[in-house]
Amino acid sequence: MSFPIVRHRRLRQSAGMRNLVRETVLNVNDLIMPIFVTYGTGVKNEISSMPGIYHFSLDMLKPEVDEIVALGIPAVLLFGIPETKDSVGTSAFVEDGIVQEATRLIKKWYPNLLVVADTCLCEFTDHGHCGMVHTFEVDGQVHGDVMNDESLELLAKTAVSQAKAGADIIAPSNMMDGFVQAIRAGLDEAGFEHVPIMSYSVKYASAFYGPFREAADSAPQFGDRKTYQMDPANAREALREAETDVLEGADMLMVKPALAYMDIIRTLKDQFDLPLVAYNVSGEYSMVKAAALQGWINEKAIVEEMLTGMKRAGADIIITYFAKDAARWMQER
């Protein structure tokens, strides 16, 4: 009777052995927790399509930040829902904007907690697009063109105002051509040359963003974002987008969404030597939560496998709404 010469199972025979030879290890320092801040007082409202995720007014924010810090999560990503919106997103770059005020509070409470500021206009414009638009009517229907170059100045103003408020990292998510260069120039001119840019380099026009539209109140009022966000069918285009951002001065690159784009994460990891971020987006979160609430899946096991897969694909950093859950599970190991 013949026996196998090579026995792969030798290195799987116990938990201790598997831990010893594990190639990819997820840890709390890999995680960024998103937070949605809003106007008003006494607001802690659960987002219906994202169980466990809330809108917080500034007076209700500290317990959430306390918990994040206690869990050892090193960074938060701020999204703001303003009280008023207009055609150019003025609330995004005013000194007392909701993201700016939240940043000041968080840095006052926890100076060492990294604050990442999402730099976009969609939550702040009345039309819901990520830049200035030229609108017109055709047969009674409103149409519009997103004006690329005219939007860059506003995005740079937003980044500078966020840096002035104390943001440690600027994360522009607008996908306008030239946005990294414009923001880098604006930050440097304002004396914030030390503030890094975490660029949403490869951001697809994805159906996985659905729950976020509710969370950020940012659905476009006409058309869609397919003229500036990427076609999900394209991979080589991702290299062009990322290379442009590298040349324009990005300090970190991002792929968004993550779960359906593991090949893109690996491609960027192989081609560029900057830190790589994967955004585990709202739809990915909500699908797991919904299935878990039905008892169809083991949420903890699914989340750990999913996040580990993103890191194995090449992500150095993972933005995820599961950050607090994942950090708790890590403490239980």
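1. Helices (H or I, at least four residues) and strands (E, at least two) are DSSP runs, numbered from the N terminus. Strand β9 covers residues 198–203 and holds K203. Strand β10 covers residues 252–256 and holds K256.

2. A word on the basis. This is a predicted model, in which local features need pLDDT of at least 70, side-chain atom pairs count only at pLDDT 80 or more, and totals for chains, interfaces and linings use all residues. Residues are numbered from 1 along each chain as its sequence is written, and side-chain values use heavy atoms, with hydrogens and water left out.

3. Start with the annotated pair. In an unreviewed entry, UniProt lists K203 and K256 under "active site". UniProt positions follow the numbering used here, feature names are shortened, and annotations may be inferred rather than shown by experiment. The two span 54 residues in sequence, yet no two of their C-alpha atoms are more than 4.8 Å apart, so they gather at one spot. Both K203 and K256 belong to the lining of the largest cavity. A cavity here is a set of points, on a 1 Å grid over the protein atoms alone, where a 1.4 Å probe fits but cannot get out; lining residues have an atom within 4 Å of a point.

4. Now K203. Its relative accessible area is 6%, so K203 is buried (under 20%; exposed is over 50%, partly exposed in between; 1.4 Å probe, protein chains only). Leaving aside residues up to four places away in sequence, K203 touches S173, M175, Y209, Q229, M230 and K256. Contact means heavy atoms within 4.5 Å. A polar atom of the K203 side chain lies 2.9 Å from the backbone oxygen of S173.

5. Then K256. K256 is also buried, with a relative accessible area of 6%. With residues up to four places away in sequence not counted, K256 touches Y200, V202, K203, Y204, Y209, Y279 and V281.

6. Next, a helix pair. Helix α2 (residues 62–70) packs against helix α11 (residues 323–331) at an angle of about 40°, and their axes are 10 Å apart. Axes are lines fitted to C-alpha atoms, for helices over the stretch in contact, and angles run from 0 to 180 degrees between N-to-C directions. On the α2 side, E64, E67, I68 and A70 meet K324, R328 and Q331 of α11.

7. Last, K157. K157 sits in helix α4 (residues 148–165). At 40% relative accessibility, K157 is partly exposed.

Technical notes:
On a 1 Å grid over the protein atoms alone, a cavity is a set of points where a 1.4 Å probe fits but cannot get out, and a pocket is an open set with protein on both sides within 12 Å along at least five of seven lines; lining residues have an atom within 4 Å of a point. A polar contact is a pair of N or O atoms within 3.5 Å; within protein, one must be able to donate a hydrogen and the other to accept it, and residues adjacent in sequence count only if both atoms are side-chain atoms.
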